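I opened this notebook to record what I looked up in the structure below.

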Amino acid sequence: MVLKRKLILASTSKRRKKILKDAKIKFKTAISNLDEEEIIKEFANTNPDNLVRILALSKAVSAVIQTNKLSDEIIAGFDTIVVC
């Protein structure tokens, strides 16, 4: 897949990197300094679907701030939660 814009993965997840590499998608990584536990505490009463969206978006926003980029890069933030 050829993207005209650069993709920045807001994650250090080896699994997510492998998925993108296997799909032959070129990307760079931005490490987020996000305190996920703080967000989980703040949104403790939020349903799991919304919580995972909040975490993914927060990672992407953190990557934008850290990379100081607001141009034409695509910032991808992901998260996974398990609910019993």
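For residue classes I count Ala, Val, Leu, Ile, Met, Phe, Trp, Tyr, Cys and Pro as nonpolar, Asp, Glu, Lys and Arg as charged, and the others, Gly among them, as polar. By those classes, the lining of the largest pocket holds four nonpolar, four polar and four charged residues.

I note that the model is predicted: local features need pLDDT of at least 70, side-chain atom pairs count only at pLDDT 80 or more, and totals for chains, interfaces and linings use all residues. Residues are numbered from 1 along each chain as its sequence is written, and side-chain values use heavy atoms, with hydrogens and water left out.

I looked up the fold next. Three helices and three strands are present, where helices (H or I, at least four residues) and strands (E, at least two) are DSSP runs numbered from the N terminus. Along the sequence I read the order β-α-β-α-α-β. The C-alpha trace spans about 40 × 30 × 15 Å along its principal axes.

I then checked burial. Of the 84 residues, 27% are buried (under 20% relative accessible area, 1.4 Å probe, protein chains only). Among contacts (heavy atoms within 4.5 Å) with a separation of 6 or more, 47% are between residues 24 or more positions apart.

Last, I went to helix 1, residues 14-22. At its start, a side-chain oxygen of Ser13 comes to within 3.3 Å of the backbone nitrogen of Arg15. After helix 1 I found Lys24, with a positive phi near 60°.

Key
Buried < 20%, exposed > 50% of the residue type's maximum accessible area, 1.4 Å probe, protein only. Polar contact = N/O pair within 3.5 Å; in protein donor to acceptor, adjacent residues only side chain to side chain.
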